Amino acid sequence: MVIPIGTVEHGPTMCPFRLVTGLPCPGCGLTRSWVFLMHGQLGQSLYYHPLGPISLIAALLFVLGVHKRFPGVWERIQSPPVFKAIAAVWLVVWVLRIGTFRP
């Protein structure tokens with residue numbers, strides 16, 4: 001069963017970082033992004049978090065055990081250069097989102 005959109009669209013803010021600072025954390029909006037994506041609304045998904053679709057695919061691959069079936073791929077992802085690149089992209093997206101944030 002897919003979570004109804006209304007459940008996440010108008011729900012309370014539960015992020016401790018946002019509650020304390022008033023700013024979104026790097027993961028703020030991921031739940032809403034995933035829910036909209038599962039309802040087939042890619043535009044809304046990207047609106048709530050630009051990395052939502054990619055992170056959902058990564059999470060699904062992890063749950064399906066792809067990291068166990070292809071350990072070489074998992075080791076490459078965990079290598080310092082790839083990990084640093086992923087972290088840098090996530091940081092840039094977060095900074096851009098803070099710059100355009102409207103509470």
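Start with how this chain folds back on itself: among its contacts with a separation of 6 or more, 52% join residues 24 or more positions apart. Keep in mind that you are looking at a predicted model.

## The overall picture

What is the chain built from? It has eight helices and zero strands, so if you walk along the sequence you simply read α-α-α-α-α-α-α-α. Taken along the principal axes, the C-alpha atoms fill a box of roughly 40 × 35 × 25 Å. The chain has 103 residues, and 23% of them count as buried. Its accessible surface comes to about 7300 Å², with 73% of that belonging to carbon and sulfur atoms.

## Helix α3 and the core

Now for the inside. In soluble globular proteins, nonpolar side chains tend to be buried together. Which residues make up the largest nonpolar core here? There are five: I5, V8, V35, F36 and Y48. Two helices, α1 (5-9) and α3 (30-38), each supply at least two residues of this core.

Take V8 from that set. If you leave aside its neighbours within four places in sequence, V8 touches I3, T31, R32 and V35.

Helix α3 deserves a longer look. Its buried residues are L30, S33, V35 and F36. The cover over them includes α1, α4 (42-48), α5 and α8. An α-helix has 3.6 residues a turn, so residues three or four places apart point the same way.

Is S33 buried or exposed? S33, which sits in helix α3, is buried, and its relative accessible area is 0%. Setting aside neighbours within four places in sequence, the contacts of S33 are S45, Y48, H49, G52 and P53. After α3 comes G40, and its phi is positive, near 80°.

L46 is in helix α4 and is partly exposed, with a relative accessible area of 38%. L46 and F36 are ten residues apart along the chain, and their C-alpha atoms are separated by 8.9 Å.

G11 counts as partly exposed, at 36% relative accessibility. G11 and R32 are 21 residues apart in sequence, and 10.0 Å separates them in space, C-alpha to C-alpha.

## Aromatic rings

How many aromatic pairs does a search of the whole structure find? It finds four. A pair of aromatic rings is described by the distance of the centres and the angle of the planes. Here are two pairs with those values:

| Pair | Centre to centre | Angle between planes | Kind |
|---|---|---|---|
| F17 and W94 | 6.0 Å | 65° | edge-to-face |
| F62 and W74 | 5.5 Å | 45° | tilted |

Why does the F17 and W94 pair tie together parts that are 77 residues apart in sequence? Because F17 lies in helix α2 (residues 16-21), while W94 lies in helix α8 (residues 80-99). F17 is partly exposed, with a relative accessible area of 35%.

The other pair works over a separation of twelve residues in sequence, since F62 lies in helix α5 (residues 52-63) and W74 in helix α7 (residues 71-78). F62 has 42% relative accessibility, so it counts as partly exposed. W74, at 29%, counts as partly exposed too. The cut-offs explain both labels: buried means under 20% relative accessible area and exposed means over 50%, so anything in between is partly exposed.

Rings can also gather into a group: F36, Y47 and Y48 form one aromatic cluster.

## Where α7 meets α8

Last stop: a pair of helices. The axes of α7 and α8 come within 5 Å and cross at roughly 60°. Which residues meet there? From α7 come R76, I77 and Q78, and from α8 come P80, V82, F83 and I86. Sorted by class, this contact has five nonpolar, one polar and one charged residues.

Notes. Residues are numbered from 1 along each chain as its sequence is written. This is a predicted model: local features need pLDDT of at least 70, side-chain atom pairs count only at pLDDT 80 or more; totals for chains, interfaces and linings use all residues. Side-chain values use heavy atoms; hydrogens and water are left out. Rings of Phe, Tyr and Trp (its six-membered ring) pair if their centres lie within 6.5 Å; planes under 30 degrees apart count as stacked, over 60 as edge-to-face and the rest as tilted. Helices (H or I, at least four residues) and strands (E, at least two) are DSSP runs, numbered from the N terminus. Buried means under 20% relative accessible area, exposed over 50%, partly exposed in between (1.4 Å probe, protein chains only). Axes are lines fitted to C-alpha atoms, for helices over the stretch in contact, and angles run from 0 to 180 degrees between N-to-C directions. Contact means heavy atoms within 4.5 Å. Ala, Val, Leu, Ile, Met, Phe, Trp, Tyr, Cys and Pro count as nonpolar, Asp, Glu, Lys and Arg as charged, and the others, Gly among them, as polar. A nonpolar core is a set of buried Ala, Val, Leu, Ile, Met, Phe, Trp, Tyr and Cys residues joined through side-chain atoms within 4.5 Å. Accessible areas come from the Shrake-Rupley method with a 1.4 Å probe; for residues, only the protein chains shown count as cover.
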